[in-house]
Amino acid sequence: MTKPLSERVADVLEPVAPAERLAALRILVGTFAGVYVLARLPGFMSPLAQSARSFAPVGAAQLLSAPLPAWALHALVAVTIASSVGFVLGLRFRASGPLFAASLLLLTSYRNSFGMVFHTENLFVLHVAVLAFTDAAAAWSLDARRNPEPPAPDRRYGWAIVLLSTVTVVGYLLAGVAKLRVTGASWAVGDVLRNHIAHDNLRKLLLGDGYSPIGGWLLRFPWLFPPFAALSLAVEVLAPLALLHRRVGKLFACAPFSFHLGVLLLMWILFPYPLSTIAFLSFFEPERGLLWLRSRVWRKAPATSEA
């Protein structure tokens, strides 16, 4: 029997999903974000060495009229790291979730207000913000240990997962629209991509920065680039189709991962969040991977027979 249209729409926008799936995304996205802050800690502290005249606030930092004093930046970093632990563990998540999302947004915006804007941070900051205001701690959390029974699958977990996927899809769609607005169809049929790769690698070479020898070598084959450019544009512009069916979403997730891998190989530009694959796990069942990992780590030793 065919489902009514309203029910089919509901299955797309807010499907029934297990709480463990949303919890797995909380753990993985939160862990990535927390580790990222720790790994890039010198960069996040670098505004202390910058002149106040170089402060050009972007994002949430536009709430500030002047650079933060040293003690305030140290406090912001400490709050971000501490709240990331509560976020991942699901400890007092109603407080630690929004606190981590807000502090992470302000910290990344503040660092981006001193010269270079790191677009590679946008997606995981948004994913943290989405998760912070959902029931992502209903399972696999310290908060959930107070509940005698595990939560049943529900639509309130599904809509949050769909929202994460929507944020991902919209990000790539906007990138495709920007390409069309700036270059038009020439991006897909001309030498725009090839020229961009050549300019980026030459600039890095002249400045003594890391560059891609592979990208430089492939420039001698101009016929390669229009198909690559057209494919990348198609993936971005058609990204919303990934929300219509789970199989399409899984197929879509493989495409931008391959795109970012190509950017790394051809331009030596690292997008750590997409390349970690965590950015696309809302299209999959990440709880299965964590369950498998737990079974491998905490596997019980075989019982020994008594003599």
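A residue counts as buried here when its relative accessible area is under 20%. Serine 96 comes in at 9%, so it is buried. The model is a predicted one, and that cut-off comes back for several of the residues picked out below.

Start with the overall picture. The C-alpha trace spans about 70 × 60 × 55 Å along its principal axes. Of the 307 residues in the protein, 40% are buried. As for how the chain meets itself, take the contacts between residues at least 6 apart in sequence: 78% of these join residues at least 24 apart.

Helix H6 turns up in two of the packing pairs. With helix H7, the pairing is between residues 122-132 on the H6 side and residues 155-183 on the H7 side, at an angle of about 160° and with the axes 10 Å apart. Since angles over 145 degrees count as roughly antiparallel, that is how H6 and H7 are described relative to each other. Their crossing is right-handed. On the H6 side the contact is built from Leu123, Leu126, His127, Val130 and Leu131, while H7 brings in Ala160, Leu163, Leu164, Val167 and Thr168. Sorted by class, the residues of this contact are eight nonpolar and two polar, with no charged ones.

The other partner of H6 is helix H2, which covers residues 19-39. Here the angle is about 135°, again with axes 10 Å apart. H2 and H6 are therefore oblique to each other, and H2 passes H6 in a left-handed crossing. From H2, the residues involved are Leu22, Leu25, Arg26, Val29, Phe32, Ala33 and Tyr36, and they meet Phe124, His127, Val128 and Leu131 of H6. This contact has nine nonpolar residues, one polar and one charged. His127 and Leu131 show up in the H7 contact and in the H2 contact too.

Back to serine 96, which sits in helix H5, residues 93-111. Its side chain reaches the backbone oxygen of leucine 91 at 2.9 Å. Setting aside residues up to four places away in sequence, serine 96 touches Ser83, Gly86, Phe87 and Leu91. Another serine worth a look is serine 84, found in helix H4, residues 70-89. At 7% relative accessibility, serine 84 counts as buried because the value is under 20%. Leaving out residues up to four places away in sequence, serine 84 touches Gly34 and Phe100.

Alanine 239 is in the loop between helix H11 (225-237) and helix H12 (246-267). Alanine 239 has a relative accessible area of 0%, so it is buried. Beyond its neighbours within four places in sequence, alanine 239 is in contact with Val169, Tyr172 and Phe252.

Technical notes. Residues numbered from 1 in each chain as written. Predicted model: local features only at pLDDT ≥ 70, side-chain atom pairs only at ≥ 80, totals over all residues. Heavy atoms only, no water. Axes fitted to C-alpha atoms, helices over the stretch in contact; angles between N-to-C directions. Helix = DSSP H or I, 4+ residues; strand = E, 2+ residues; numbered from the N terminus. Parallel < 35°, antiparallel > 145°, perpendicular 65-115°, else oblique. Left-handed = near helix turned anticlockwise from the far one by under 90°. Contact = heavy atoms within 4.5 Å. Nonpolar A, V, L, I, M, F, W, Y, C, P; charged D, E, K, R; others polar. Buried < 20%, exposed > 50% of the residue type's maximum accessible area, 1.4 Å probe, protein only. Polar contact = N/O pair within 3.5 Å; in protein donor to acceptor, adjacent residues only side chain to side chain.
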